[in-house]
2 protein chains.
Amino acid sequence: MALPKSPLPTSIASQQHDHTQCIATAMTQAQEICTHNGARLTRLREQVLRLIWQSHKPLGAYALMDMLAQESTRRVAPPTVYRALEFLLEQGLIHRINTLNAYIGCTHPSAHHANNFLICEHCGVAIEFSTQSLQDNINQTARDLGFSIKAQSIELVGCCDRCEASRHD
Amino acid sequence: MALPKSPLPTSIASQQHDHTQCIATAMTQAQEICTHNGARLTRLREQVLRLIWQSHKPLGAYALMDMLAQESTRRVAPPTVYRALEFLLEQGLIHRINTLNAYIGCTHPSAHHANNFLICEHCGVAIEFSTQSLQDNINQTARDLGFSIKAQSIELVGCCDRCEASRHD
DNA sequence: AAAATTTATGTTATTATATAACATAATCTT
DNA sequence: AAGATTATGTTATATAATAACATAAATTTT
């Protein structure tokens, strides 16, 4: 069974786009991937993923916890959200942004891919990116230094073009 | 006034080397850089930097706090160590490893440079690296995506060649 | 379908990491 | 020496994450 191709472009996150469609696609893909992996996308896990996908801004675990609590009127404790996050990370449906202690939806969860982000300090948006030449370069560098990579985290913090433009208005 | 050139090689951290010399060089450079910057490398800051340089393994703030307490028999509170770390980060004398919440000495503090590390899961050593082609690639990617970089963090977690070799002994 | 097993979630407590706010001390400037 | 600045001490608290055990739901076995 082949995995679905991601229809989500890489760098659209900070631009005007149909975010309802964005969420819908992400949720559909998530379901497909979980089915493919024999994993259970439970109500709680689906709910957390949907909350993460409300924006392209990484969200902290405690922010998600509060949002969960609001949606359900019952009390939600940290392990509840952390376990959901752990599951979503394992399935490759979200990424953890280390510089922010925060979590964001993966824009191409079906591909085996790196964990590379542009993070705008001003609007808070994190844009996932990946180019073959960068990955080749990383892999070659590791090889040259005798290092085998298990996990990769590239986080570039700065200012996206939209914010740059609006600051000069 | 020109800054001193770094005599520390990039990828020697996990190899056999004269670590006493390593520390000595780091401390001398630190003093020079602080003088150059008109910053005060106080006793406490110097002590923290020296502790960080005891190994090439990133150390957490609370581990450093315990080491400080041991050296001085007086109680040491978190802000003491965090303020020293903040200073050392500002001066470019150490880096923060985001995937580990830990801090490590910078091997070429006098150069304007990126924050790129190979982190071995097995021995705990973090090796700073930087190649022009990788940096060019990063910069070009950011330019293509309309993003201006303020801070860069590349952390590759995996296994270094020494550990790889010793696991097959 | 009931029992056994596995997986997921709830719950309480605790650990780990980091900062705020204010007091005191040391250093620098004049 | 007085005043200003910078650094450190001190107490309290914020923020992020996990451990340990109980309950509930789903899946598998019989």
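**Exercise 1.** How many salt bridges does the count come to over all chains?

*Solution.* The model is a predicted one. A pair counts when a side-chain nitrogen of Lys or Arg lies within 4 Å of a carboxyl oxygen of Asp or Glu. By this rule, the count over all chains is four salt bridges.

**Exercise 2.** Locate the salt bridge between A:Arg50 and A:Glu46, and classify the exposure of both residues.

*Solution.* Step 1: the side chains of A:Arg50 and A:Glu46 meet at 3.0 Å, N to O. Step 2: both residues belong to helix α2 (residues 43–52) of chain A, where they are four residues apart, about one turn of the helix. Step 3: partly exposed covers the range between under 20% (buried) and over 50% (exposed). A:Arg50, at 35% relative accessibility, is therefore partly exposed. A:Glu46 is also partly exposed, at 26%.

**Exercise 3.** Why does the pair A:Glu121 and B:Lys150 join two chains?

*Solution.* Step 1: A:Glu121 forms a salt bridge with B:Lys150, with 2.9 Å between the closest N and O atoms. Step 2: the pair joins two chains because A:Glu121 lies in the loop between β3 (116–120) and β4 (126–128) of chain A, while B:Lys150 lies in strand β5 (residues 147–160) of chain B. Step 3: A:Glu121 is partly exposed at 46%, whereas B:Lys150 counts as exposed at 56%.

**Exercise 4.** Is A:Lys150, which forms a salt bridge with B:Glu121, buried or exposed?

*Solution.* Step 1: the closest N and O atoms of A:Lys150 and B:Glu121 are 2.9 Å apart. Step 2: A:Lys150 has 57% relative accessibility and so counts as exposed.

Methods. Residues numbered from 1 in each chain as written. Chains lettered and ligands numbered in written order. Predicted model: local features only at pLDDT ≥ 70, side-chain atom pairs only at ≥ 80, totals over all residues. Heavy atoms only, no water. Buried < 20%, exposed > 50% of the residue type's maximum accessible area, 1.4 Å probe, protein only.
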